[in-house]
Amino acid sequence: MTQIIYPIWRQRLARSLHINRSQMHSKYYQVASVDPSARPKNRTMVFRGFLQGTQNLLSVTDLRSEKISEWQGDGKLHFEICWYFTGSREQYRVAGEVALISNSIKSSYQEFGEQTKTSLIKQQWSNLSDKAREPFYSSSPKAPFDDSSALPSPQDKPVISVNDTNEVDSSSNAASNITSSVVSNNVDISDNFCVIVFTPHTVDYLNLKSKPQQRCLYDIQDGWKERMVNP
């Protein structure tokens, strides 16, 4: 089997995830977009691993959230992630294009066939706890709060147990991939569930702990070559 050699920044990120793994907040990053009025929007999202065999980052969201409309249509597929690791004092700014993967919408993501798409959605859904699934069955985000309308996830839905696919292999400094786990075909997935694929085009890495401070730029157009610049 041919070994995949990831870009230097991807290897750095895997190492950062590994050495900061004891801090739960290290799995959270800020994601920026632009709304239809050309106003910037920002929110915190959870890193759900890498798409298998790539450096693409995964998150999940509710199709009814505002960010979905910001990432649909021509010219609205861009994002920037700002990710800071407090333990190692490292920052990653990752910018590129977004793809929305859901059973309820048609995706423009060219790398996916229907089987791969279905496997990814099932696997990401199965990784969620019952409590994390509940909001997908409740009222729409930002709708007036009504305690009686909050619907719990149905108790008769099968609970799929999967291994932690975000563990880092320290020997190779590469995060383990999100694999296509075998998941039962009768998993009942909410129509509001959506997997987000962040495809990086540029990365800006900053290490505030090193002396002197280190800053490196990477660009997919340049074959992800590392370019050291002043902080």
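1. Two strands are said to pair if DSSP finds at least two bridges between them; strands (E, at least two residues) and helices (H or I, at least four) are DSSP runs, numbered from the N terminus. In these terms, β1 and β2 form a hairpin with five residues between them, and Ala-38 in its turn has a positive phi of about 65°. The pairing of β1 with β2 (residues 40–46) is antiparallel and extends over seven bridges. Within it, Val-31 has Arg-43 of β2 as its bridge partner.

2. Basis of this note. The model is a predicted one, in which local features need pLDDT of at least 70 and side-chain atom pairs count only at pLDDT 80 or more, while totals for chains, interfaces and linings use all residues. Residues are numbered from 1 along each chain as its sequence is written, and side-chain values use heavy atoms, with hydrogens and water left out.

3. Overall organisation. The protein contains four helices and ten strands. Read from the N terminus, the order of elements is α-β-β-β-α-β-β-α-α-β-β-β-β-β. Of the contacts (heavy atoms within 4.5 Å) with a separation of 6 or more, 63% are between residues 24 or more positions apart.

4. Surface and burial. Of the 231 residues in the protein, 41% are buried; buried means under 20% relative accessible area, exposed over 50%, and partly exposed in between, with a 1.4 Å probe and protein chains only. The protein exposes about 13,100 Å², of which carbon and sulfur atoms supply 48%. Accessible areas come from the Shrake-Rupley method with a 1.4 Å probe, and for residues only the protein chains shown count as cover.

5. The largest nonpolar core. A nonpolar core is a set of buried Ala, Val, Leu, Ile, Met, Phe, Trp, Tyr and Cys residues joined through side-chain atoms within 4.5 Å. The largest such core has 28 residues, and those with the most contacts inside it are Tyr-29, Leu-57, Trp-71, Ile-81, Trp-83 and Phe-198. Two or more residues come from each of α1 (8–19), β1 (28–34), β4 (78–85), β5 (90–101), β8 (193–207) and β9 (214–219). The greatest contribution is that of β8, with five residues. Another core, of 17 residues, lies apart from it and includes Leu-51, Ala-99, Ile-121 and Phe-136. As general background, nonpolar side chains tend to be buried together in soluble globular proteins.

6. β4, β5 and β8. Strands β4 and β5 run antiparallel and are joined by eight bridges. The bridge partner of Ile-81 in β5 is Val-94. On the β8 side, β5 is joined by twelve bridges, again antiparallel, and Val-94 has Val-203 of β8 as its bridge partner. Nine of the twelve residues of β5 are buried, so this strand is largely enclosed by the rest of the structure.

7. Backbone details in the loops. The β4–β5 hairpin has four residues between its strands. Arg-89, in the loop between β4 and β5, has a phi near 55°, a positive value in a residue other than glycine. This residue is partly exposed, with a relative accessible area of 37%. Trp-224 also has a positive phi, near 60°, and is placed in the loop between β9 and β10 (227–229). In contrast to Arg-89, which is partly exposed, Trp-224 counts as buried at 10% relative accessibility. A cis peptide bond, with omega about 0°, joins Lys-211 and Pro-212; Pro-212 is in the loop between β8 and β9.

8. Cysteines. A search of the whole structure finds zero disulfides, a disulfide being a pair of cysteine sulfur atoms within 2.5 Å. Cys-194 is buried, with a relative accessible area of 0%. Cys-216 is likewise counted as buried, at 0% relative accessibility.
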